[in-house]
Amino acid sequence: MATRIRPSSKRCVVIGGSGFLGRYLVEQLLDRGYSVSVFDIRQGYELPGVTFHLGDLCDKGALLASLEGASLVFHCASPAPSCDDHALFHRVNIDGTRTVLQACQEAGVQKIVLTSSASVVYEGTDIKNGMEDLPYAKKPIDYYTETKIQQERLVLEACDPEKGFLTVAIRPHGIFGPRDPQLVPILVDAARRGKMKFLIGDGTNLVDFTFVENVVHGHILAAERLRPDSPLCGKAYHITNDEPVRFWDFMSQILVGLGYDAPRYRLPYRLVYVLALLLWLLVLLLRPVMKLRPTFTPMRVALAGTHHYYSCARAKQDMGYQPLVSLKDGVTRTVESYPHLRRVA
Ligand SMILES: NC(=O)C1=CN([C@@H]2O[C@H](COP(=O)(O)OP(=O)(O)OC[C@H]3O[C@@H](n4cnc5c(N)ncnc54)[C@H](O)[C@@H]3O)[C@@H](O)[C@H]2O)C=CC1
Ligand SMILES: CC(C)CCC[C@@H](C)[C@H]1CC[C@H]2C3=C(CC[C@]12C)[C@@]1(C)CCC(=O)C[C@@H]1CC3
């Protein structure tokens, strides 16, 4: 008869642990004495003490093998937001998350911490100090966000303290830091192609950018405070730097830090948004003959020209969250970590 390993509260699996956020989470969990396994479609790195289980989270059998003996699961896997494959988003973020929940229940996992996104309430218009009780977006800005909404609902609805199955969702916003494959590389690529001369709107819109170590801190606090009688059960929590910043000041700090010029000329938000929409339509029309990837998508233009910052008061109150790294230090560490992306004279 096969013996089932008894779940240990310090044994956890990070689904998506090869990614940007996942790797920081794995490193911090190890530092805090957890025994950590990674489940991912790829092995992003090697780390002593970490076992990698390679597989697709839509494959319940593969998941079950990796979950043996674990009591805690962090689910931070997703296709990249910039990928425009709707079927993939649906398969991984919705169907795959259902599979993760089933596998966790079958394997006797007690807690799941989902990485959701603050964008689940964002519709392309201003959000100032948004709280978690804002309704989910009726018109999400893209299909990635649409599937993040459904994913969050599934995970939170599965919370069942009576059965000892606890879930919580962390909603970060604009994660940045060393090794980020998205924000800084996209920005530098745009600057190198001469596309960062203009700022969209009047430049005063405030946005949250959250240093990756603060996001990790929020995840671990949530895991440790999640108990059958705690207010965290089945709830979502914004995790931010708690320092909203002007979008274009933040972009300029990164650009100037890496030796590029800050954007100088203003373009009206509405005009750029309409142009981005038209360009997007053209891209769709041309798709059968060529694949174009515009830098200024309607989603990016909306994010660049509106306010979107969120309150993390609920996380402070229920889990004692406070950001550990300031925005200023986060930007300095990020800029220093990309010597290969600096402007060459
Ligand atoms: N980067 C950001 O600014 C924000 C990210 N998020 C969320 O944070 C989470 C982590 O994002 P990042 O670390 O930035 O992304 P990432 O792309 O670096 O990491 C995602 C990981 O998931 C893995 N993965 C994808 N499909 C999989 C599948 N079918 N089976 C197993 N593994 C799979 C990938 O291989 C990758 O290692 C995601 O859920 C994302 O939606 C939320 C808010 C903001
Ligand atoms: C070309 C410029 C106008 C913009 C360059 C920077 C952008 C690449 C980033 C600015 C805000 C970022 C952001 C995300 C991805 C990268 C940015 C668009 C997310 C969409 C990532 C996934 C989420 O869940 C929400 C994020 C919001 C902010």
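Helices (H or I, at least four residues) and strands (E, at least two) are DSSP runs, numbered from the N terminus. The structure described with these terms is a predicted model, in which local features need pLDDT of at least 70 and side-chain atom pairs count only at pLDDT 80 or more, while totals for chains, interfaces and linings use all residues. Residues are numbered from 1 along each chain as its sequence is written, and chains are lettered from A and ligands numbered from 1 in the order in which they are written.

The predictor's confidence in each residue is given as pLDDT, on a scale from 0 to 100. The protein has an average pLDDT of 95, and 97% of the residues score at least 70. The scores of the model are ipTM 0.97 and pTM 0.96.

Two spans are annotated in UniProt; the positions are given in the numbering used here, feature names are shortened, and annotations may be inferred rather than shown by experiment. An unreviewed UniProt entry lists residues 13-268 as "domain: 3-beta hydroxysteroid dehydrogenase/isomerase". In the model, residues 13-268 are 36% helix and 21% strand, with the end C-alpha atoms 46 Å apart. The feature "transmembrane region" is placed by UniProt (unreviewed entry) at residues 271-290.

Burial was assigned from C-beta atoms placed from the backbone: a residue is buried if 20 or more other C-beta atoms lie within 10 Å of its own, exposed if 12 or fewer, and partly exposed in between. Strand β4 comprises residues 70-75, and six of its six residues are buried. One residue of strand β4 is S71, which counts as buried because 20 C-beta neighbours lie inside 10 Å. S71 and V13 are 58 residues apart in sequence, yet their C-alpha atoms are 8.5 Å apart in space.

Two strands are said to pair if DSSP finds at least two bridges between them. β4 runs parallel to strand β5 (residues 111-115), and four bridges join the two. Across this pairing, V73 stands opposite I112, and F74 has V113 as its bridge partner. Together with α3, the strands β4 and β5 make a right-handed β-α-β unit. A crossover is right-handed if, with the strands pointing away from the viewer, the path from the first strand over the helix to the second runs clockwise.

Strand β5 is largely enclosed by the rest of the structure, because five of its five residues are buried. In a regular strand the side chains alternate between the two faces of the sheet. In β5 both faces are covered, with K111, V113 and T115 buried on one side and I112 and L114 buried on the other. β5 also pairs with strand β7 (residues 166-172), in the parallel sense and over five bridges. In that pairing, T115 has I170 in β7 as its bridge partner.

The surroundings of the two ligands were then listed, a residue being counted as near a molecule if its C-beta atom, placed from the backbone, lies within 6 Å of it. Ligand 1 is surrounded by 28 residues, the closest being G16, G19, L21, A77 and S78. Helices α1 (20-31) and α3 (86-107) each supply at least two residues of this shell, and α1 gives the largest share, with three residues. Ala, Val, Leu, Ile, Met, Phe, Trp, Tyr, Cys and Pro count as nonpolar, Asp, Glu, Lys and Arg as charged, and the others, Gly among them, as polar. On this basis the shell around ligand 1 holds 13 nonpolar, eleven polar and four charged residues.

Around ligand 2 there are 13 residues, of which P81, S117, S119, G174 and I186 are the closest. At least two residues each come from α5 (183-192) and α9 (298-305), and the largest share, four residues, comes from α5. The shell around ligand 2 consists of seven nonpolar, five polar and one charged residue.

Two backbone angles were also noted. Most residues other than glycine have a negative phi, and most peptide bonds are trans. N129, which is not a glycine, has a positive phi near 55° and lies in strand β6 (residues 127-130). D242 likewise has a positive phi, of about 60°, and is found in the loop between β12 (236-239) and β13 (245-246).
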